[in-house]
Amino acid sequence: MRELGSSFMRANRSDGPIRRLLQKVLFLQEDERRQVARELHEDAGQLLTSLLFGLKMLEGAQSLEQVKDQLPVLKQQTWDALETMRQVSVALRPPLLEDLGLVATLRSFVRDFGARHQVKVAFSAKGEEVRLDPIHEVTVFRIVQEALTNAGKYARASTLRVAVHFASDHLQVVVADDGVGFDEPSGGAVPHPDEPVGIAGMQLRADLLGGTCTVDSAAGAGVTVTLRVPLSSTPADDKEPSSR
């Protein structure tokens, strides 16, 4: 075990591309854990706390009528908590992705997102869908998920647009909103202090696929996230350095 660890350390120090790739993967894993933990705390945690409070009130009920009056509220809180847990589960691993592909999964996610946030979301898909390998498909989904999550929390938009285009040599996904936008003095500024790695995470995921993710915005002009991924390429960190 010690010898194996030493060998790994030597390889990690000597192989720059592998080391950078591992750093990116670890960064994204921590980013996903942070988001899941936040959703569990802010959404599911609050719902379960309300449910517990309601049960305590039920415990102190003085009559059967008081119990009957409280039961519909407790039932709704239970359903809300279950729905929140379902959404977190879908976010962790979209069940439709493996069976139905990226377009169907994004269409379903966008529909649920619009209903949940009470915002109009238009979804469109062009071109003949090409099935990507599972890692690529889930990574594209994560980028769209992050873009919509940011829009839902910070954009104060009335309309969102998600457009998927399968071209001959690349996949392009555009997520745009008509919200408040933000100034972007450094070309990649984060729109909100609670999202320190949101944009960086999207761009890093795109980079791991050998693609690009650009974020265009200005105060009062909404935000447009454009993801472009080659359909047949090797991510930059997997390529051998060219010899001179």
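Predicted model: local features only at pLDDT ≥ 70, side-chain atom pairs only at ≥ 80, totals over all residues.
Trainee: What elements does the protein chain have, and in which order do they run?
Mentor: There are seven helices and five strands. From the N terminus, the order is α-α-α-α-α-β-α-β-β-α-β-β.

Trainee: How many of the residues count as buried?
Mentor: The chain has 244 residues, and 38% of them count as buried. As for contacts between residues at least 6 apart in sequence, 68% join residues at least 24 apart.

Trainee: Why are H6 and H7 called roughly antiparallel?
Mentor: Helix H6 covers residues 134-155 and helix H7 covers residues 198-208. They pack at an angle of about 160 degrees. Angles over 145 degrees count as roughly antiparallel. The pair therefore takes that label. Their axes are 9 Å apart, and the crossing is left-handed.

Trainee: Which residues meet there?
Mentor: H6 brings Thr 139, Arg 142, Ile 143, Glu 146, Ala 147 and Asn 150. H7 brings Gly 198, Met 202, Arg 205 and Ala 206. By class, that contact has four nonpolar, three polar and three charged residues.

Trainee: Why are H5 and H6 called roughly parallel?
Mentor: Helix H5, residues 102-117, packs with H6 at an angle of about 15 degrees. Anything under 35 degrees counts as roughly parallel. H5 and H6 are therefore roughly parallel to each other. Their axes lie 11 Å apart, and they cross in a right-handed sense.

Trainee: Which residues of H5 and H6 make the contact, and how do they divide by class?
Mentor: From H5 come Leu 102, Thr 105, Leu 106, Phe 109, Val 110, Phe 113 and His 117. From H6 come Glu 137, Val 140, Phe 141, Val 144, Gln 145, Leu 148, Thr 149 and Gly 152. They divide into nine nonpolar, five polar and one charged.

Trainee: What makes H7 largely enclosed by the rest of the structure?
Mentor: Count its buried residues. Eight of the eleven in H7 are buried, so the helix is largely enclosed. The buried ones are Gly 198, Ile 199, Gly 201, Met 202, Leu 204, Arg 205, Ala 206 and Leu 208. Just after H7, Gly 210 takes a positive phi of about 75 degrees.

Trainee: How do you know whether Cys 213 is buried or exposed?
Mentor: Its relative accessibility is 6%. Buried means under 20%. Cys 213 therefore counts as buried. This residue is in strand E4, residues 212-217.

Trainee: What is Cys 213 in contact with, beyond its neighbours within four places in sequence?
Mentor: Its contacts are Ile 143, Met 202, Gln 203, Ala 206, Val 225, Thr 226 and Leu 227. Leu 227 is 14 residues from Cys 213 along the chain, with 4.4 Å between their C-alpha atoms.

Trainee: Why is His 170 called buried?
Mentor: Its relative accessible area is 11%. The cut-off is under 20%, so His 170 is buried. His 170 sits in strand E3, residues 170-177.

Trainee: What makes the pairing of His 170 and Asp 169 a polar contact?
Mentor: The two side chains are joined at 2.8 Å. A polar contact needs N or O atoms within 3.5 Å, one able to donate a hydrogen and the other to accept it. Residues adjacent in sequence count only if both atoms are side-chain atoms. This one is between side chains. Leaving aside neighbours within four places in sequence, His 170 is also in contact with His 165, Arg 228, Val 229, Pro 230 and Leu 231.

Definitions and conventions. Residues numbered from 1 in each chain as written. Heavy atoms only, no water. Axes fitted to C-alpha atoms, helices over the stretch in contact; angles between N-to-C directions. Helix = DSSP H or I, 4+ residues; strand = E, 2+ residues; numbered from the N terminus. Parallel < 35°, antiparallel > 145°, perpendicular 65-115°, else oblique. Left-handed = near helix turned anticlockwise from the far one by under 90°. Contact = heavy atoms within 4.5 Å. Nonpolar A, V, L, I, M, F, W, Y, C, P; charged D, E, K, R; others polar. Buried < 20%, exposed > 50% of the residue type's maximum accessible area, 1.4 Å probe, protein only.
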